[in-house]
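Welcome! Take a look at it first, then read on.

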Amino acid sequence: MKSIDKQELINLNYRKQFAIEPTKNYIDGTWVTSSVINKNINPSDTSDIVASFYEATKEDVNISIEAAVNIQDEWAKSSIALREKILNEIGDKLLSNKDYYGEIISREAGKPLKEATDEVVKSADFFFYFAAEAIRSRGTYMDSPRQNVDIEVIKEPVGVVALITPWNYPLAIPAWKIAPALAFGNSIVFKPSNTTPTIAYILAKIIDSTELPKGVFNLVIGQGSVIGETITSSKHIDALSFTGSVDVGKSIARDSIKNMIKLQLEMGSKNSLIVLDDANVDEAVSAAIKGSYNATGQKCTSSSKLIVTQGIYEEFLTKMKEEMKKLVIGNSLDKDTQIGPAISKKQLKQNVSYIELGKKEGATLVCGGEVLKRDTDGYYFSPALFTDGKSKMRLNQEEIFGPIACIIKVKDYEEALAVLNDTEFGLSGGIMTKDLTKAMDFKHNAKVGNIMINLPTAGMDNHVPFGGRKSSSFGSREKSFSASDFYTTTKTAYIKY
Ligand code: NAD
């Protein structure tokens, strides 16, 4: 492994000691500490403490909710020009320090530096996009069958929204929820993952530096098992948007539905890439490598089932093995690193246990699957490839959230599609083929929310709807014009004159 450039290490050591103060909660415009302080560890280098952070208490959560409730009516009436200005300012401030924020994400999420910096740019884009959405007219005028009656369909803020986010896109996912929430006049209680609190704190600092009225945006950092229920069972929350695992999503749904609030849940998945005989094999291998192993396989849209028809199987497998040997696995801050570490010891153990399970179920491990040592102590693991996979194996049914893929050999397109749809999930699915008829059939018959034709299953654009089907999603789509479905509520006004 190439070591980190010496000057960069010096800079990093400097930052380790001085740059990040303990992160606090942001409640009703005030920075709040608590008696519980925890440490945020870099998964590429467990000796690197990215920051200490104060965990919010249940009482802090209740105070945040109260602050959001108290300001909601005033914020709902705020000028759309003010909202536009604030959102643009947040985007500008993110961009103005993107390299440093990228480094923070890289350290706390173990994401290769370039991907982490790209995430900052992507996040800024969400603020710019929703700045423009804030000033777009959304109401509709309609005629009535009655004489001298007009009808207006008005979009109003939904109210106080709770936003609960995972660690794997620690800035982009909060951005694609916070930006539309503010654009459409809602107040916010935001609970990020406490695996990645530092970038959430930085975002809160940026928001605090704008003209946003106190109480509109509140940050509470803490474990879901400790403060989660205080949020999800609150009678004062009007809507809740969650991104995370299926089990947590289901438990949130059970809590929240008691208060009949609006819910949006984006959860895990098990995504497949189909490779047909007529595909360009180099492009198919590239899509499989990117889709399965980028971000250490820790994307909800990663492909972990590679469904390959028999005519191209041998060539595809040979080239996959060749390309996998070239992957550089290492410290996320090393410029040459393509695959960073697992996010935690627990995730590393889970990767290892799925390797054991795959072998037990009769799949053949042909590449990787080993815990690795690097210059710094971290949770390194070599991307793994299985063959001889069968659709019903747990290996091919459960979300692993690691760099582990399994090839399932099939006879033709019809069998490939059946295997792709044989899952409780439905977030993303891809096909590599030059056959237009099969590609079109796939577009219509794959039971997923995102279709990728001749592209990896991961890698979505900002300005279009995002979400899945079956156990992967519940509620309306995120991002784009669709975001207003969740962050507004519709009122129909009849006016006689
Ligand atoms: P997670 O479910 O463990 O945690 C997500 C968030 O929920 C965290 O903020 C956590 O603290 C909070 N939480 C946990 N228990 C809670 C409770 N009882 N009440 C309220 N909040 C609670 O997920 P994770 O490990 O952070 O992220 C990985 C998962 O997220 C994967 O399953 C991945 O597929 C999914 N994900 C989905 C999408 C998508 O858009 N579909 C995007 C990214 C990640």
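How many residues of domain 1 are in contact with how many residues of domain 2? The count is 28 residues of domain 1 and 27 residues of domain 2, where contact means heavy atoms within 4.5 Å. Please keep in mind that this is a predicted model, in which local features need pLDDT of at least 70, side-chain atom pairs count only at pLDDT 80 or more, and totals for chains, interfaces and linings use all residues. Residues are numbered from 1 along each chain as its sequence is written, and side-chain values use heavy atoms, with hydrogens and water left out.

**The chain as a whole**

- The chain holds 15 helices and 24 strands; these are DSSP runs numbered from the N terminus, with helices being H or I of at least four residues and strands being E of at least two.
- Because a compact globule of 497 residues would have a radius of gyration near 23 Å, the 23 Å of this chain agrees with that expectation. The radius is taken over C-alpha atoms, and the globule rule is 2.2 Å times the number of residues to the power 0.38.
- Along the principal axes, the C-alpha atoms fill a box of roughly 75 × 65 × 40 Å.
- Among contacts with a separation of 6 or more, 73% join residues 24 or more positions apart.

**Domains**

- Domain 1 covers 7-267 + 472-496, while domain 2 covers 271-461; these bounds come from an automatic or database domain assignment.
- The centres of the two domains, taken over C-alpha atoms, are 31 Å apart.

**Surface and charge**

- Of the 497 residues, 56% count as buried. Buried means under 20% relative accessible area, exposed means over 50%, and partly exposed lies in between (1.4 Å probe, protein chains only).
- The accessible surface of the chain comes to about 20,600 Å², and 52% of this belongs to carbon and sulfur atoms. Areas come from the Shrake-Rupley method with a 1.4 Å probe, and for residues only the protein chains shown count as cover.
- There are 60 positive and 62 negative charges, and their mean positions are 2 Å apart. Lys and Arg count as positive and Asp and Glu as negative, leaving out His and the chain ends; each charge is placed at NZ of Lys, CZ of Arg, CG of Asp or CD of Glu.

**Two residues of helix 5**

- Helix 5 spans residues 113-134 and includes Glu-133. Glu-133 is buried, at 5% relative accessible area.
- Setting aside neighbours within four places in sequence, Glu-133 is in contact with Arg-138, Phe-184 and Phe-481.
- Tyr-129 is also found in helix 5, and its 25% relative accessibility makes it partly exposed.
- Beyond residues up to four places away in sequence, Tyr-129 touches His-463, Ser-480 and Phe-481.
- Tyr-129 and Asn-88 are 41 residues apart along the chain, with 8.7 Å between their C-alpha atoms.

- Ala-179 sits in helix 6 (residues 172-183) and is buried, with a relative accessible area of 0%.
- Not counting residues up to four places away, Ala-179 touches Leu-87, Phe-126, Phe-127, Phe-130 and Pro-174.
- From Ala-179 to Asn-445, 266 residues apart in sequence, the C-alpha to C-alpha distance is 33 Å.
- Thr-230 lies in helix 8 (residues 224-232) and counts as buried at 13% relative accessible area.
- The C-alpha atoms of Thr-230 and Val-61 are 6.9 Å apart, although 169 residues separate the two along the chain.
- Leu-436 belongs to helix 14 (residues 436-445) and is exposed, with 62% relative accessibility.

**Loop residues with positive phi**

- Thr-296 has phi near 60 degrees, a positive value in a residue other than glycine. Its loop runs between helix 10 (281-293) and strand 13 (303-309), and Thr-296 is buried at 2% relative accessible area.
- Phe-401 has phi near 60 degrees, again positive in a residue other than glycine. Phe-401 is placed in the loop between strand 17 (384-387) and strand 18 (404-410), and it counts as buried at 18% relative accessibility.
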